Amino acid sequence: MTTTHPPARTGAGRLLLIGGRVLDPASGVDDHLDVAIEDGTIVAVGTDAAGVFGRSAADDGASDDPDIEVVDCTGHWIAPGFIDVHTHLREPGGEAAEDIATGSAAGAAGGYTALCAMANTSPVCDSAAIAELVWRRGREVALVDVFPVGSITKGLEGRELTEIGQLNACAAEVDFFSDDGIPLADTLVMRRALQYAKAFGAVICNHSEDPDLTAGAQMNEGAVSSVLGLAGWPHEAEEVMIARDLILAGGIGARLHVPHVTTAGAVELIRLAKERGVRVTAEATPHHLLLTDDLVADYDAVMKVNPPVRTASDVEALREALIDGTLDAVATDHAPHAPEYKDQEWEHAPCGMLGLETAFAVVHTALVATGRMTPLQAIARFTTGPASVRNVGQHGAALVAGADANLVVLDPEARWTVDAHALHSRARNSPFDGRELTGRPVHTLLRGRFTLREGVVADAAVVA
Amino acid sequence: MTQQPRHASSPAADAATTPATTPATTPATTPATTPATTPATSTATSTATATRVAPLHHLLGIDDLDAAQVVHILDTAEQLLPIATRERNTVPTLRGKVVCNLFLEDSTRTRISFDLAAKRLSAEVLNFSAKGSSVSKGESFKDTALTLDAMGVDCVVVRSGSSGAPRQLARYLDVPIMNAGDGWHQHPTQALLDVFTMRRHLGDLAGRRVVIVGDLLHSRVARSEVQALNLVGAQVSVVAPPTLLPPEVERWGVEVVPSLDDALPDADVVYLLRVQRERMHRAFFPSTREYQRLWGMDGRRLRQLKDHAIVMHPGPMNRGVEITGEVADSDQSVITEQVTNGIAVRMACLYLLLAAPAVDEEAGR
Amino acid sequence: MLRRLAHELIEANQGAEGLVLVGIQTRGLPLAQRLARLIGEIEGTEVPCGALDVTLYRDDLGRRAPKSLHATDVPVDVTGRTVVLVDDVLYTGRTIRAALDALNELGRPDRIRLVVLVDRGHRELPIRADHVGKNLPTAYDDRIRVLVEETDGQDAVVSEEVPA
């Protein structure tokens with residue numbers, strides 16, 4: 001890799017990415033093109049992009065202009081920065097597991113330029129004050145753009161609606177609401193939330209689980225839970241709730257997002273609803289696209305997650321749905337937990353897995369390297385797909401002149417072994433620890449500034 | 001016990017509760033895979049010609065054992081049983097060893113049984129009880145484990161309401177871990193003592209038919225029991241309200257039979273599981289009356305059994321729900337004998353775990 | 001050889017009165033049974049014979065894989081009797097020490113005698129046999145195995161040098 005000069009100023013100057021394969025789902029481009037960036041904005045994309053800086057494409061490498069940094073991307077993919085619509089950054093209140101700085105660093109390492117911070121913080125993100133705090137803190141750290149998620153109900157209590165209008169109007173412009181892991185069991189409240197949010201163009205995202213069917217549940221219900229003696233999460237619990245929500249959203253014409261879909265039956269329900277014109281988007285997590293419930297056999301609580309990892313046939317159904325677009329987005333549900341909480345008996349350990357730094361590699365290894373998805377399709381599930389779920393500004397938009405330079409440069413050939421202790425997250429609960437994966441971000445650029453360079457995360461702009 | 005004559009007893013010595021198991025029949029209980037090289041003699045029988053039995057490192061669940069290991073444990077228990085009934089009922093075998101009973105869930109009966117087993121082998125016993133998770137006191141499960149490690153215990157007997165806790169403990173500690181019951185998962189010593197009891201009454205269990213009745217869903221005993229019975233070649237049928245059958249139970253290697261009455265005439269063993277009355281409040285079954293009528297063992301059903309068939313229960317019993325007093329106190333009930341045998345079986349497990357060389361001295365663990 | 005040992009025992013005990021033979025598991029047991037039969041034939045009486053497993057009393061637990069347990073079964077009360085312990089090979093003496101402890105749990109014999117088929121030396125404890133079939137000097141690392149008809153199909157004493 002050739003880096004001729006360190007950038008004189010961060011976020012400014014001239015940057016030339018040459019020799020890479022541009023994968024831009026928004027424009028449908030999949031071609032070897034150069035990208036020229038100036039002052040955080042893309043100024044040219046093409047075989048002659050260097051021309052905008054008065055250079056010819058031929059004099060790659062040795063530049064004699066100290067104001068131009070040339071990055072050789074030969075063999076690499078250049079894509080829009082990734083967007084995660086489902087991240088737990090834990091700040092405020094859960095800083096022992098993660099904060100916005102460490103979570104943002106994990107995001108940058110994973111190729112992300114935009115993260116949607118879930119509302120189940122302490123205090124809950126059910127007011128404009130908390131939403132603006134999270135949003136502003138993201139700006140200060142400046143490794144990714146943080147888009148707060150508001151809760152649907154005050155205090156995640158499932159009764160009174162959060163001030164959706166206030167959150168929508170505040171600086172964070174929240175248009176996406178979720179009570180995260182707590183299902184909105186009251187059908188009437190769910191219906192009113194959908195009705196109310198529709199007026200603001202906002203999206204309701206409900207955790208798909210019928211709580212009556214999952215009292216005490218510890219893992220997927222099936223042959224494995226039967227032998228392990230753990231109370232099961234039946235797949236019906238997820239499907240019953242999704243069916244209800246799809247019926248309600250369809251009736252109202254409101255926008256619904258289904259988080260972390262895990263069962264073959266749920267995929268079928270969403271596919272059918274989309275065919276019928278229901279305004280629904282849906283996501284799958286990397287862990288549900290790869291892991292199966294037999295991994296619970298050691299009772300290592302790192303494998304404990306809600307919704308649980310399911311069976312091989314569910315994994316296959318999710319993969320098919322991600323390929324055909326029934327599932328719009330890969331979302332990490334990155335859920336850091338301090339080790340002392342995961343070092344408990346399975347029953348007492350909290351649910352959740354890390355995901356930001358391994359998401360691309362998992363999807364690439366399972367679906368792209370195996371030839372089931374084209375690189376462009378896979379990139380779409382990390383960019384345009386999540387951008388269709390909610391408003392994330394310019395993230396995921398086409399790589400054209402005038403656009404913000406939010407980019408990731410990926411090495412699809414990189415083989416690496418996940419080491420939970422080497423991740424940027426403050427927590428260690430990666431279910432992929434010790435796995436060999438292929439594909440890894442090399443550089444991440446947020447508005448032209450390197451947040452990840454040569455695999456090294458930039459310092460947070462402001463350290464708390 | 002003080003009434004016993006002052007000499008070592010043969011396995012038949014406690015014939016008051018045990019139908020005679022003459023030494024000559026004992027070799028027949030070892031499966032054909034163990035070559036019966038030892039000829040039966042009038043005074044002594046070598047029941048275990050322990051050829052190539054893999055050593056035990058932990059006893060976490062029956063699914064970790066193979067058939068030879070199960071037979072080896074039972075044969076060892078057979079030789080230890082007389083010790084429990086003679087006047088001087090301790091042996092010095094585990095003198096200087098410290099066994100910790102880590103009971104994170106109340107179970108006085110099981111704890112006492114393990115306590116006696118360890119003491120009869122002259123081990124020191126530490127009782128460490130904590131209600132619920134130790135985390136409720138601000139200590140993680142791992143910290144509890146490391147504390148025990150630092151105290152230098154030689155073996156941990158762990159009872160927990162959380163499925164899998166013993167396996168987690170085995171990851172944190174280097175000493176042998178014995179599972180004394182974890183959640184709904186496993187209760188291996190219960191299964192071993194049950195199979196031991198069955199073997200003493202029925203001899204070789206291959207092809208014998210055992211009917212397990214009741215709440216299999218929430219039962220750690222059932223999970224261990226089925227695995228142990230499969231290992232010794234018994235045929236297992238299960239009968240229960242459909243709501244109390246675990247998911248995909250057929251894959252356990254059992255036959256699900258629809259009616260208790262149909263299953264009884266062919267049964268060699270009827271094994272009744274405890275049914276908690278609280279279950280009916282969560283709609284598992286309508287009433288104890290209906291449960292008793294459809295799945296309870298009563299005098300009428302007792303008379304459908306073959307003469308040699310036995311009735312078992314892991315205790316504590318709910319008389320009047322899964323079993324009537326008439327059945328519990330009948331000649332075919334071996335429920336109190338299960339308790340006696342439990343001590344010998346737990347002694348056998350402690351002996352095999354603790355008299356073995358330390359794990360790191362064994363090549364290729 | 002056994003017949004000679006039987007006569008020695010009768011002579012030492014002045015008859016078979018009060019004798020009980022106890023074979024140490026496993027090879028000592030058939031030897032004890034044969035000796036009991038011989039003494040019985042010579043004296044025209046029935047001599048009680050039992051089995052003693054000393055595994056639980058050994059001092060080398062934890063140093064090797066745990067041995068299989070065998071029956072301990074002595075058909076009479078040993079208290080007040082003369083117990084004749086019978087084993088195949090006397091070596092370090094540790095087995096006999098364990099046997100004395102094990103016997104002690106069964107009662108209080110008036111006296112305990114020790115009969116071995118082979119004494120190969122190398123004692124590690126102050127123990128000696130009262131009656132010895134044959135003294136067989138050996139190297140410490142040799143393996144001496146007594147084969148008996150009942151378990152091994154033949155009667156023989158086999159000395160094996162363990163390759164270095």
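These are my notebook entries on a predicted model with several chains.

I number residues from 1 along each chain as its sequence is written, letter chains from A and number ligands from 1 in the order in which they are written. The model is predicted, and local features need pLDDT of at least 70, side-chain atom pairs count only at pLDDT 80 or more, while totals for chains, interfaces and linings use all residues.

**Confidence.** I looked up the scores and got ipTM 0.89 and pTM 0.88.

**Chain A against chain B.** I count a contact when C-beta atoms, placed from the backbone, lie within 7 Å. On that basis 19 residues of chain A touch 22 residues of chain B. Helix α5 of chain A (residues 223-228) gives the largest share of chain A's side, five residues. Helices here are DSSP runs of H or I with at least four residues, strands are runs of E with at least two, and both are numbered from the N terminus. I sorted chain A's side by class and found six nonpolar, seven polar and six charged residues. My classes: Ala, Val, Leu, Ile, Met, Phe, Trp, Tyr, Cys and Pro are nonpolar, Asp, Glu, Lys and Arg are charged, and the others, Gly among them, are polar.

**A sheet in chain A.** Next I traced an open four-stranded sheet, order β5-β4-β1-β6, with mixed pairing; strands pair if DSSP finds at least two bridges between them. β5 (41-46) and β6 (68-72) of chain A are at the edges with a single partner strand each, so one side of each has no neighbour in the sheet. Neighbouring strands are turned by 15 degrees against each other on average, direction ignored, using axes that are lines fitted to C-alpha atoms. Inside the sheet, β1 (residues 14-18) and β4 (residues 34-38) of chain A pair antiparallel over four bridges, and R14(A) sits opposite E38(A) in β4(A).

**Chain B.** I get 12 helices and nine strands. Of its 365 residues, 51% are buried (20 or more other C-beta atoms within 10 Å of the residue's own, C-beta atoms placed from the backbone). I then picked helix α6 of chain B (residues 188-202): its 15 residues reach 21 Å from first C-alpha to last, close to the 21 Å expected at 1.5 Å a residue, counting one less than the number of residues. 13 of those 15 are buried, so α6(B) is largely enclosed by the rest of the structure. After α6(B) comes G203(B), with a positive phi near 70 degrees.

Terms used: Contact = placed C-beta atoms within 7 Å. Axes fitted to C-alpha atoms, helices over the stretch in contact; angles between N-to-C directions. Buried ≥ 20, exposed ≤ 12 C-beta atoms within 10 Å, placed from the backbone.
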